Amino acid sequence: MGLSKRIILPGSRTCPTRARLKMACVLVVALSLSACGFSQPVDGIQDPNERLNRRIHAENIAFDRFLFRPASKVYGRGIPMPIRRGIGNFAGNLNLPRVVVNNLLQFRIGKALKHTGRFVINTTLGMGGLLDPATPMGVEEDRTNFGETLYVWGFKEGNFMELPLLGPSTDRATVGMIVDLFTNPLVYMVPSPENAIGVFSAGLAKVGDRYEYSSTIDSILYESEDSYAQARSLYLQNRRFELGVEVTDDEVDEIDSLFEDLYGE
Amino acid sequence: MVNDVKRRTVLAGLGAGVVAAAVPGSAMALTTAEARRLIDDVVSEITRVINSGGSESRMLTQFERIFDRFANTAVIAIRVLGADARSASQAQLRDFTVAFRRYIARKYGRRFREFIGGRIEVDSARAVKSWHEVQTTAHLQGEAPFRIDFLVKEAGGRNLFFDMVIEGISLTKVEREEIGAMLDRRRGNLDQLISDLRNTG
């Protein structure tokens with residue numbers, strides 16, 4: 001989890017406004033419905049919109065360089081680490097009901113129970129989720145989202161895409177993100193102005209992550225000779241790993257024939 | 001056809017060169033226990049260097065040596081070059097392997113700084129396809145633990161790891177992208193790339 005957090009971030013993650021989301025929603029659903037149906041090799045990188053994606057990537061880099069990264073420095077240096085961590089815990093805890101819903105949709109009852117237990121422990125003993133006593137008790141978080149639910153249901157990954165402000169994604173992951181705006185029961189249970197605290201704390205947690213994993217993210221965005229290709233590769237590999245996608249036959253063949261060439265009789 | 005034969009000879013030559021120092025006659029299939037032992041050694045060597053308190057440049061040299069001793073640098077270098085390995089001469093492949101080893105030790109060695117005070121635990125080993133995968137967990141101070149897998153395969157009588165996979169991210173695949181981008185920037189000039197890799201950082 002440690003590294004994945006660092007790696008999913010390359011663009012940046014803040015919270016887009018509702019209107020923008022709505023627009024993106026329509027656009028992306030239309031886009032992905034057309035793409036999700038095709039079968040494809042899971043190993044390769046499918047990126048037919050590379051030109052557009054690279055343009056968005058350049059904008060994301062500019063956004064990071066001039067706004068997100070400097071802001072994260074101010075935040076990281078201004079707020080002491082325990083408080084930053086508390087905010088991260090708090091945001092993660094508020095997200096747990098969404099995780100449970102997705103566990104159920106994936107028919108993973110054991111995980112749903114575990115995360116329910118985690119939510120109860122951290123909300124009570126952990127003072128509303130600011131602390132995380134559940135992890136040392138062995139009840140760690142095993143993050144999931146609706147993108148994974150779609151994977152479990154058999155939907156294909158679709159094309160790679162880089163989203164404005166949000167960074168690398170795929171058709172499937174983007175649809176998942178949009179659906180996940182509606183999968184957290186807390187949003188419906190907490191009255192309107194107060195429930196914005198979830199989005200707000202999640203946004204702060206992202207800023208905190210940008211600071212915490214600064215050296216890794218900087219090395220990808222600013223020290224690579226092709227930061228777009230790096231971010232794309234890192235995102236896709238890590239995403240597939242989290243979903244439990246196995247090594248492909250093509251890759252096995254490639255490795256076996258190379259060893260045969262080098263060391264074979 | 002001709003290309004294929006040429007590639008085979010070149011690769012075989014390179015392999016022979018790299019493995020020349022290996023002990024002959026021990027070319028038995030690698031067992032899970034042996035794979036695990038190899039990575040136990042790698043991890044304890046890395047830990048020793050990190051906690052030695054040496055200067056950065058000394059640590060980087062030591063990482064390069066560890067990489068040289070335990071990793072199959074020939075396989076990694078060829079896989080990283082991908083299609084470009086096919087058009088390379090044997091001398092170019094050899095030079096690239098050496099330059100790449102230095103580049104990789106420095107690039108990743110710098111990051112091992114973050115491991116100070118942390119530890120890597122070897123969890124398990126299992127056979128996967130034609131190789132062994134040794135799973136380890138890195139516990140860094142103030143961070144959620146994350147997984148590092150080593151892919152181990154017997155090569156000409158020696159057990160070596162040919163890839164390192166951090167949370168699903170293969171060093172080989174990441175560097176294939178990066179080296180590919182570097183080659184594109186140099187209009188495919190491998191000699192230029194080799195000399196740049198030798199001189200950076």
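Predicted model: local features only at pLDDT ≥ 70, side-chain atom pairs only at ≥ 80, totals over all residues.
**View 1. The fold of chain A, read along its sequence.** Chain A holds 12 helices and 2 strands, and along the sequence these elements follow the pattern α-α-α-α-α-α-β-β-α-α-α-α-α-α. Of the 265 residues in this chain, 47% count as buried. When contacts in chain A between residues at least 6 apart in sequence are considered, 76% of them join residues at least 24 apart.

**View 2. The open sheet of chain B, with its edge strands.** In chain B, 5 strands form an open sheet in the order E1-E2-E3-E4-E5, and the pairing is antiparallel. The edges of this sheet are E1 and strand E5 (169-170) of chain B, each of which pairs on one side only. Strand E4 (residues 158-166) of chain B is joined to E5(B) by 2 bridges, and the two strands run antiparallel; within E5(B), B:Ser170 is the residue that stands opposite B:Val165. Helix H12 (residues 249-263) of chain A packs on the sheet, where it touches E2, E3 and E4 of chain B, and the direction of this helix makes about 40° with that of E3(B).

**View 3. Strand E2 of chain B between its two partners.** Strand E2 (residues 131-139) of chain B is mostly covered, since 8 of its 9 residues are buried. On one hand, E2(B) pairs in the antiparallel sense with strand E1 (residues 119-128) of chain B over 9 bridges; on the other, E2(B) pairs with strand E3 (residues 146-155) of chain B, again in the antiparallel sense, over 7 bridges.

View 4. The hairpin of E2(B) and E3(B) has 6 residues between its strands, and here B:Gly142 in the turn has a positive phi of about 65°.

View 5. All of helix H4 (residues 73-81) of chain B is buried, 9 residues of 9, so the helix is largely enclosed by the rest of the structure. Among the buried residues of H4(B) are B:Ile76, B:Arg79 and B:Val80, and these three are also in contact with B:Thr172. B:Thr172 itself belongs to helix H7 (residues 171-185) of chain B and counts as buried, with a relative accessibility of 0%. Leaving aside neighbours within four places in sequence, the contacts of B:Thr172 also include B:Phe162 and B:Asp163. After H4(B) comes B:Gly82, whose phi is positive, near 60°.

**View 6. Aromatic pairs within each chain.** Over all chains the count comes to 11 aromatic pairs. One of them is formed by A:Phe146 and A:Trp153, whose arrangement is edge-to-face, at 5.6 Å centre to centre and with 90° between the planes. Within this pair, A:Phe146 is buried, at a relative accessible area of 9%, whereas A:Trp153 counts as partly exposed, at 39% relative accessibility. The rings of B:Phe96 and B:Phe100 have centres 5.6 Å apart and planes at 25°, so this pair is stacked. Both B:Phe96 and B:Phe100 are in helix H6 (residues 90-111) of chain B, 4 residues apart, about one turn of the helix, and both are buried.

**View 7. The contact between chain A and chain B.** The contact takes 38 residues from chain A and 41 residues from chain B. About 3,500 Å² is buried between the two chains, and carbon and sulfur atoms give 54% of this area. B:Glu167, B:Ile169 and B:Glu177 supply 16% of the area that chain B buries against chain A, which is more than any other three residues. Ring pairs link residues of both chains into a cluster made up of A:Phe259, A:Tyr263, B:Trp131 and B:Phe162. Over the ring of A:Phe259 sits the charged end of B:Lys153, 4.9 Å from the ring centre.

Technical notes. Residues numbered from 1 in each chain as written. Chains lettered and ligands numbered in written order. Heavy atoms only, no water. Buried < 20%, exposed > 50% of the residue type's maximum accessible area, 1.4 Å probe, protein only. Pairing = 2+ DSSP bridges. Phe/Tyr/Trp six-rings, centres within 6.5 Å; stacked < 30°, edge-to-face > 60°. Lys NZ or Arg CZ within 6 Å of the ring centre and 35° of its normal. Contact = heavy atoms within 4.5 Å. Axes fitted to C-alpha atoms, helices over the stretch in contact; angles between N-to-C directions. Buried area = accessible area lost by both parts, 1.4 Å probe.
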